[in-house]
Amino acid sequence: MICGRRARPTEHPDNSSDPRRPPRALKKMGLSEDEDIQRMLRGSLLWKIKSRGGFGERLFRLQEDGATVCFEGGFRRTRSQQSFSVMHIEGVREGHQSEGLRKYGAAFPERHCFTLVFKGKRKNLDLAARGEEDARHWVQGLTKLMKRLQAMSQPEKLDHWIHGVLQRADRNKDNKMSFREVKSMLRMINIDMDDVYAYKLFKECDRSGNERLEGWELEEFCRRLLRRPELEELFRRYSGEDHVLSAEELQDFLRDQGEDSSLRRALGIIHTYELNETARQQDLMMLDGFMMYLLSAAGDILNQEHTKVHQDMSQPLCHYFISSSHNTYLTHNQIGGTSSTEAYVRALMAGCRCVELDCWEGSDGEPIVYHGHTLTSKILFRDVIESIHDYAFKQSPYPVILSLENHCGLEQQATMARHMKAILGDMLLAQPLEGQDPHSLPSPEQLKGKVLVKGKKLPEPWHEPRGVTSLPDSEEEEEEEEEEEEKLEEGRTWQSLQSLQEVKPLPAKDVSQVAPELSAVVVYCQAVPFPGLAHALHHPRPCEMSSFSERKARKLIKEAGPALVRFHSRQLSRVYPLGLKMNSSNYNPQEMWNAGYQLVALNFQTPGYEMDLNTGRFLANGRCGYVLKPPCLRSPPGEGSHCLALRVRVITAQQLPKLNRDKGSSIVDPFVRVEIHGVPADCTKRQTHHKLNNGFNPRWDETLSFEVRVPELALLRFVVEDYDSTSCNDFVGQFTLPLASVREGYRHVHLLSKDGASLSPATLFVHVRCKSL
């Protein structure tokens with residue numbers, strides 16, 4: 001016993017383990033003897049099918065870290081080594097299950113083919129193996145690796161990552177590290193350590209005295225690099241002199257965190273996260289176990305209850321913010337970008353619940369989807385609907401809205417209706433829900449698994465396809481006229497754009513008319529011109545919705561904000577970007593949400609702070625694409641908000657990536673900016689000082705304070721930037737979440753890249769406190 005307490009359990013390093021042995025990482029994952037993994041380590045010749053057709057054979061090989069796949073990139077005169085991380089793969093599709101393989105994969109048997117779908121904006125990788133067995137090994141092996149890597153704790157990810165760096169730094173592959181190689185490795189991990197200190201650390205670990213680190217010496221060097229002094233300080237504060245945390249002391253920590261501090265909860269944490277068997281049996285927690293706990297999901301800044309659907313889903317559709325995409329078919333800009341069904345898949349898998357289809361007359365009687373009057377490529381309407389059928393409800397069970405911008409004549413409109421009915425089947429909502437009050441919209445819960453069509457509708461009764469009628473002031477025409485005005489104001493005209501045209505859209509003689517077949521599938525989202533706020537408030541029609549350009553939406557907010565909020569408590573409306581934004585840039589969605597607009601449509605293909613805010617807004621409620629608006633927007637004027645004093649202590653960061661990966665000597669000088677996005681009075685930002693030449697473990701320990709007047713609408717955004725970066729739109733990493741989903745206490749923040757992909761294991765460690773004023 002030590003000081004009247006149980007003795008600290010001893011830890012014995014495994015001196016026999018060699019961290020440089022090739023199978024080490026895979027052994028830790030339990031996959032070193034796996035047949036699929038062995039095949040991937042040996043490598044396979046795979047055909048890489050290109051996005052514009054054509055293919056080339058490349059040697060793909062899994063690296064010994066178990067997380068990286070390398071292959072040769074084909075160029076005219078030279079070949080360069082390319083790679084991707086298994087952690088960045090979102091899914092593996094077997095067969096011809098991508099647009100690329102459906103178009104260009106006919107030369108290869110379906111069972112030889114598979115597609116790697118990446119997180120973020122990286123294009124799919126379409127591959128074909130020489131045989132069915134080889135394809136199966138890669139599909140099964142990648143699936144196993146993805147599962148194992150995803151299940152890793154944060155400390156395990158850090159350990160895995162550092163040993164991957166060690167393997168890359170060992171240039172002569174002798175499983176030993178000279179001081180020169182160690183210095184190279186330190187630059188790889190984004191730290192410019194003082195030579196004197198680095199050599200001191202090197203010599204302390206070089207127990208053999210041969211100026212080489214190997215075996216357990218390297219293990220010790222890595223352990224020292226991965227130390228978290230800020231967590232050690234926190235542990236010592238609660239554990240006392242013996243550096244062992246009892247269940248009672250853990251209760252004190254939980255109480256200070258504002259969490260459940262019952263003895264049962266404390267014991268549960270010890271038994272779940274403590275690594276030392278002896279300590280666990282004695283209901284004690286050591287430093288490694290404490291770090292495992294803090295860096296697990298239990299220590300995430302995002303309330304883990306909010307990673308599931310936790311909000312009331314039985315209210316009318318107009319009471320929710322709905323994740324919405326503009327020009328969903330585009331993968332790049334609006335002038336000459338590529339249209340792709342994959343863009344719909346990505347949006348739907350990101351939780352988007354309203355996608356846009358710009359429909360034009362196509363050849364052979366088949367409607368097409370593309371950005372009219374531009375050089376963007378064209379895709380078949382039928383193919384888009386098939387992709388929606390396949391992916392509409394994989395990420396979320398709640399309704400998907402198809403926003404049709406219809407430029408087709410009657411015949412192809414009827415074809416559109418036939419395709420939707422035939423392909424979507426029971427998914428397509430073609431009749432009002434039985435027993436639903438016609439004076440209110442149904443709820444997301446009532447519409448689970450349903451696809452709704454937003455479009456023009458003929459006056460009732462009009463059910464039989466025997467005649468047609470014209471609808472004046474169509475929504476699409478109104479949008480085009482508004483965009484035309486914007487271009488003229490900027491000194492541009494459509495003629496300058498049309499001079500670039502490859503082919504003009506096929507004219508439709510009866511485009512102002514509506515085919516009864518298409519009208520019949522429009523139920524709760526009838527597209528109409530906006531009648532004006534006064535008329536809309538006195539004559540509410542919940543099943544009608546209007547679209548507004550961002551400029552018109554802003555004008556309404558400025559002129560009649562409170563009245564607009566009342567209107568949106570009963571009806572849906574949609575906002576879309578200005579037609580001037582030829583590069584598919586976005587507007588700030590927050591100001592639209594503040595006014596109650598539900599469908600705030602953004603270009604999902606364009607990264608930036610606007611899409612970061614959109615991702616953050618829909619991060620909660622299980623990322624289902626529907627977020628319940630706060631009471632003040634559902635039943636105005638409603639109850640007022642309670643002011644909140646927010647204090648964020650930015651403590652440290654770990655494993656920040658480089659901005660310039662091509663320059664080996666590039667080291668970031670990071671600083672952290674904390675932003676509040678909400679009502680105008682709440683929008684503000686504060687930042688820390690920068691730290692020189694340290695992206696590995698910079699420490700700030702600075703407190704940033706905010707006063708938030710309407711916390712229910714506020715988003716909290718963390719941005720890590722390089723002090724020397726010349727671009728204001730370039731950053732090391734960021735993470736955005738609703739303030740209502742923030743957990744107080746000591747928390748880690750997982751950083752995302754510019755295009756929304758995970759930067760694991762890059763994290764921030766912060767302390768958050770909220771207090772009502």
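So, strand β15: both of its faces are covered, with Val451, Val453 and Gly455 buried on one side and Leu452 and Lys454 buried on the other. Buried here means under 20% relative accessible area, exposed is over 50%, and partly exposed is in between, using a 1.4 Å probe and protein chains only. The strand covers residues 451-455, and five of its five residues are buried. Strands are DSSP runs of E, at least two residues, and helices are runs of H or I, at least four, numbered from the N terminus.

Quick word on the model: it's predicted, so to speak of local features we need pLDDT of at least 70, side-chain atom pairs count only at 80 or more, and totals for chains, interfaces and linings use all residues. Residues are numbered from 1 along each chain as its sequence is written, and side-chain values use heavy atoms, with hydrogens and water left out.

Okay, who sits beside β15? On β14, residues 400-406, the pairing is parallel, over four bridges; pairing takes at least two DSSP bridges between the strands. Isoleucine 401 has leucine 452 as its bridge partner. Getting from β14 to β15, the chain goes through helix α16, residues 410-424, in a right-handed β-α-β crossover: with the strands pointing away from you, the path from the first strand over the helix to the second runs clockwise. Then there's β18, residues 525-527, parallel to β15 and joined by two bridges, where lysine 454 partners cysteine 525.

Last stop, asparagine 327, in the loop between β10 (320-325) and α14 (341-349). That one's buried, at 1% relative accessible area. Beyond neighbours within four places in sequence, asparagine 327 contacts Gln334, Glu356, Asp358, His371, Asn603 and Gln605, contact being heavy atoms within 4.5 Å.
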